[in-house]
Amino acid sequence: MRSSISHLKNSLASGPTPPLAIDDLVDTGLVWAASGRPKTEIHFKTEGISASTSLPFTIPEIDNSLPAKGLPRGALHEFFYHDTLQPERRSSLIPTLLAQSAYNTLVSENSWSRSAPTRAIVWIGKRSWPTPYALISPEHSYSAQEAFLNSIIFIDPPNNKLTLWTLETALRSKAVGLVIAECPRISLTVTKRFELAARENGATALLLRDTSDLNLPSRAFTKWIMTPTPSQHDAPAWELSLTNMRGGLQQPLSWLIGIHEQNSRISVRVLPRVVDQCHTEEASLARFGT
Amino acid sequence: MMSLALAEALCPGIYNEPFDAIRDYTALYTLAVWCLRYSPLVGLDSELHTARGKGELNSLSSLHYGIIIDLSGTERLHGPSRNVAATLWKLFRQQARIAVAPTIGSAWALSRYAESPLVVSLSPSELPDALAPLSTLALRITPQSAAALSDVGIDTIGELLTLPKHALSVRFGKALLSRLHQALGEYEERLRVVEPPTSYERRKIFEPPLIHRRAIVVAIEHIFKDLIAELSARQIEAGYFSLSISDTAAATTHKEFPLASATNSMKHLLEILEPIIDSMRFCGEIREIYLRAHSLTRSTTQQRSFTAHQHESTDIARSHSELLNSVSLRIGKDRVVRAVVHDSFIPERSFSYNSITETTTSDSSQRAVMEPRSPYNLRERPPTLLATPEPINTLAMLPDKPPSRIQWRGRHLSIISGAGPERIAPEWWRTHLHNDSFVGRDYFTIQDDAGRWLWVFREASSQRWFVHGVWN
């Protein structure tokens with residue numbers, strides 16, 4: 001108490017500090033222009049991160065329409081998976097994609113020394129874990145697959161309170177590059193806390209949240225919704241929409257994504273949109289292949 | 001030399017086990033450490049030590065597996081050495097061969113070659129008479145030297161003693177003579193003593209007992225600090241700590257603090273221990289607190305490097321283990337896991353989650369991806385498997401086609417497309433391992449009209465349907 005008062009006195013003695021110009025605030029990323037076109041350049045504080053400041057989806061169509069060519073690192077991102085039949089289900093496809101992308105980025109950051117440890121990926125919440133064979137891609141060598149699997153720490157906290165504690169501990173750790181977490185309902189204050197922790201260490205947080213929390217205020221940098229969509233191809237398809245992004249988003253962006261097979265390589269691709277949704281009985285029977 | 005087959009034929013049901021020299025040596029060492037209660041100086045044969053150092057234990061004669069206890073000056077504690085020998089004789093259920101003698105050499109000879117299994121011969125003057133009937137091999141000489149002696153008609157030590165000693169040295173080498181002198185106590189022989197494993201522990205007894213919670217917490221923290229300070233001063237890291245708290249009613253609570261990686265960092269340990277100690281419950285009056293560090297490893301000295309990058313990488317490694325420690329201590333070791341892929345066609349057996357701490361301590365032969373497996377792609381296998389398959393009702397038009405309607409979680413879903421069946425049969429080549437009840441399944445990939453993709457199967461025996469996985 002006494003020290004803060006003396007601090008106040010000192011600051012008063014040294015005279016008033018000059019007010020910050022609004023341009024400075026805009027430049028530091030604290031304030032965005034409310035009108036006009038969205039800021040395309042996003043300045044982001046990423047101390048200790050050398051190579052890149054974003055985490056690409058590795059889907060060019062999506063990455064290119066994002067200002068940072070991916071998800072900015074050192075920030076929170078929220079993912080919602082909308083399926084009324086399985087309200088507890090979270091998306092595992094997009095987190096898997098981002099985990100692979102994050103691993104490649106983290107490895108390339110200390111490429112000059114093989115033995116140097118890479119930052120880990122922490123995956124919190126058992127229900128959101130994908131099966132390990134979905135994580136590894138068959139075209140990689142076994143040692144690469146093993147290294148990737150070993151870089152992920154799966155944590156299954158027994159209750160919500162410990163989930164939040166684990167999430168924050170992981171975000172505050174210097175050894176963690178990406179945290180993927182099945183996130184219980186949290187308040188704006190908690191998201192602020194997580195954001196500060198993420199920014200401090202340059203770790204990225206993907207919060208897999210419940211769709212009922214969609215409209216809660218949060219400090220997430222981006223907000224995504226994925227919904228299953230009937231597909232005309234014989235593979236699953238989803239609609240992935242970016243609904244919110246800090247720095248402005250004139251209209252929600254959405255893509256139709258699906259699992260795409262090309263040169264024996266499995267990837268998620270943006271599919272061409274189909275106008276007719278084919279809900280009719282005949283169409284379904286026709287596709288049924290009888 | 002008898003073959004094992006012959007031995008089994010002669011004595012049916014005989015118990016046999018491959019000879020493991022290292023294990024025997026370790027067991028003997030442990031036994032020797034136990035014998036430290038009779039004397040501060042307990043040793044093993046110097047031949048055994050040498051062979052262990054060279055890794056030649058397998059070729060060593062089993063005669064050298066013995067324990068040497070120096071009983072000089074222990075009479076006040078244990079009474080005459082005769083009594084100690086008798087006690088040990090009883091403790092080993094009269095199976096051991098024990099000799100008490102003034103020199104190491106004579107004790108060795110008498111314990112191995114005397115007719116009686118328990119020999120006590122105390123005065124040096126009796127020694128030549130006691131040794132005389134023994135074979136020359138009892139002098140710890142090589143079988144070759146013994147054979148050379150036997151060629152000239154010398155089979156016992158008594159016969160050897162009658163010969164002039166300088167001639168012996170010339171004809172049979174210095175080793176024989178020095179062994180003879182050692183047995184008779186004319187040359188000095190040193191004992192290769194065993195060392196007890198050092199333990200790091202702290203015990204505090206409170207008189208009067210502690211009642212206040214605050215005092216107990218402070219005492220525990222103080223003991224922890226004290227032990228950690230000693231560990232870090234000796235550059236030793238502990239894998240886990242065990243804490244026992246006894247109250248005046250003689251009830252003891254045990255608490256273990258397993259760490260994901262060994263550490264001796266005071267700041268880090270106190271940080272993760274504090275919430276745990278805070279959450280502990282104490283009842284009654286605390287009389288005694290006992291803390292012990294286990295799984296000790298020598299810490300690698302960390303030198304600050306020239307380049308900032310290297311420093312950063314040691315930083316990452318340290319915070320990595322700190323993260324694992326604090327998380328596994330707080331929410332449990334088995335909840336912090338690592339994924340391992342197995343070579344199995346059965347979906348739920350093709351992977352497992354192993355505790356991080358266990359896999360890091362085990363040898364590197366345990367690998368995350370065991371063997372080349374058939375490459376599944378994301379279309380064939382869903383990214384998420386349900387923890388347990390959920391039963392569904394189905395309406396299938398044709399026997400080997402995907403169902404056209406299913407009822408899952410109380411909702412009717414009409415299926416608009418599907419693929420299959422993919423039959424997964426029991427892995428007969430492993431059934432003896434699992435002793436399992438796995439029956440064949442026919443898997444189908446189906447899509448409902450909302451675009452939901454499910455992985456369903458029909459159990460071959462019961463014809464019941466289940467949802468096993470989802471694409472999400």
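Strands, like helices, are taken here as DSSP runs numbered from the N terminus, with at least two residues (E) for a strand and at least four (H or I) for a helix, and two strands are said to pair if DSSP finds at least two bridges between them. In general, strands of a sheet pair through backbone hydrogen bonds, in either a parallel or an antiparallel sense.

The model is predicted, so that local features require pLDDT of at least 70 and side-chain atom pairs count only at pLDDT 80 or more, whereas totals for chains, interfaces and linings use all residues. Residues are numbered from 1 along each chain as its sequence is written, chains are lettered from A in the order in which they are written, and side-chain values use heavy atoms, with hydrogens and water left out.

Between the two chains, 68 residues of chain A are in contact with 60 residues of chain B, contact meaning heavy atoms within 4.5 Å. The two chains bury about 5800 Å² between them, 64% of it on carbon and sulfur atoms; buried area is the accessible area (1.4 Å probe) that two parts lose on being put together, summed over both. Across this interface the rule finds 3 salt bridges, each defined as a side-chain nitrogen of Lys or Arg within 4 Å of a carboxyl oxygen of Asp or Glu. The side chains of A:Asp156 and B:Arg335 meet in a salt bridge, with an N to O distance of 3.4 Å. On the side of chain A that touches chain B, the residues divide into 38 nonpolar, 18 polar and 12 charged, where Ala, Val, Leu, Ile, Met, Phe, Trp, Tyr, Cys and Pro count as nonpolar, Asp, Glu, Lys and Arg as charged, and the others, Gly among them, as polar.

Chain A has 9 helices and 11 strands, and buried residues make up 49% of its 290 residues, buried meaning under 20% relative accessible area, exposed over 50%, and partly exposed in between (1.4 Å probe, protein chains only). Among contacts in chain A between residues at least 6 apart in sequence, 65% join residues at least 24 apart. Within helix α7 of chain A (residues 160–172) is found A:Glu168, which counts as buried because its relative accessibility is 13%. Neighbours within four places in sequence being left aside, A:Glu168 is in contact with A:Arg193 and A:Phe194.

Chain B comprises 16 helices and 17 strands, and 43% of its 472 residues count as buried. For contacts in chain B between residues at least 6 apart in sequence, the share joining residues at least 24 apart is 58%. An open sheet of 3 strands is formed in chain B in the order β2-β1-β5, with antiparallel pairing; its edge strands, each pairing on one side only, are β2 (67–69) and β5 (192–193). Strand β1 of chain B (residues 42–44) is joined to β2 of chain B by 3 bridges, and B:Leu44 has B:Ile67 as its bridge partner in β2. Elsewhere in chain B, B:Ser123 lies in the loop between β4 (118–120) and α7 (127–131) and is partly exposed, with a relative accessible area of 25%. B:Ser123 and B:Pro102 are 21 residues apart in sequence and 6.9 Å apart in space, C-alpha to C-alpha.
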